[in-house]
Amino acid sequence: MSLATAFSETLDKDKWINETIDKINTLWKRSVDDVLEACKLLAEAKQLLGGNEKKKEKRHLWEHFLANDELKLTQRTIEKLTKIGNWKYIADPSVTCKLPPAWSTIYELVVWSEDKEPAFLRAMKNNDVKCDMERSDVAKLKSGNISGKNLNTKRIVSIEVNADD
């Protein structure tokens, strides 16, 4: 059952909030796929609970969710994880299979992909994004340099062929 279906069908919103927080806390301690799933759950919960609403009276369920002591994440971490959960590449296995296990590194990749999408896609194509990378490696990618390569330049190859052969 999807999160949205469970939310719409329940009359006990507190119970739903507690169950969702339990799922997020459990997933958070596992693999990259589970961390991404926790990010998606947070993003969906924020949407369903009015976290994207401008008016305070419509945000009360989201604020109740955030105030729950069982959610063992800071407000800033929740914001970053929600951004990951809303990332347009989160469901693309050709991207997610290359993601590192650290959520903070994934977050840096998300921000970079939104700011400089062509460079991000080029790095993905060139296999410069790897599951063993760290935030410092993302910083190198952002600056255009990784492993001594400058990603902002293109290589031009010239081949001369003798037409008489």
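Predicted model: local features only at pLDDT ≥ 70, side-chain atom pairs only at ≥ 80, totals over all residues.
**View 1. The protein chain as a whole.** Welcome to the fold: the protein chain contains nine helices and two strands. Followed along the sequence, the order is α-α-α-α-α-α-α-α-α-β-β. Of the 165 residues in the protein chain, 39% are buried. Among contacts with a separation of 6 or more, 56% join residues 24 or more positions apart.

**View 2. Helix H3 and the residue that follows.** Helix H3 covers residues 32–48. With 17 residues at 1.5 Å a residue, H3 should span 24 Å, and this agrees with its end C-alpha atoms, which are 24 Å apart. Which residues of H3 are buried? They are Val32, Asp34, Val35, Leu36, Ala38, Cys39, Leu41, Leu42, Ala43, Ala45 and Lys46. Just after H3 comes Gly50, with a positive phi of about 80°.

**View 3. Where helix H5 meets helix H7.** Two packed helices are described by the angle between their axes and the distance between the axes. Here, the axes of H5 (residues 75–85) and H7 (residues 103–115) come within 9 Å and cross at roughly 55°. That angle makes H5 oblique to H7. The crossing of the two helices, H5 and H7, is left-handed.

**View 4. The residues between H5 and H7.** On the H5 side, the contact is made by Arg76, Thr77, Lys80, Leu81, Lys83 and Ile84. H7 contributes Trp103, Ile106, Tyr107, Val110, Val111 and Glu114. What classes of residue does the contact of H5 with H7 have? There are seven nonpolar, one polar and four charged residues.

Conventions:
Residues numbered from 1 in each chain as written. Heavy atoms only, no water. Axes fitted to C-alpha atoms, helices over the stretch in contact; angles between N-to-C directions. Helix = DSSP H or I, 4+ residues; strand = E, 2+ residues; numbered from the N terminus. Parallel < 35°, antiparallel > 145°, perpendicular 65-115°, else oblique. Left-handed = near helix turned anticlockwise from the far one by under 90°. Contact = heavy atoms within 4.5 Å. Nonpolar A, V, L, I, M, F, W, Y, C, P; charged D, E, K, R; others polar. Expected span 1.5 Å × (residues − 1). Buried < 20%, exposed > 50% of the residue type's maximum accessible area, 1.4 Å probe, protein only.
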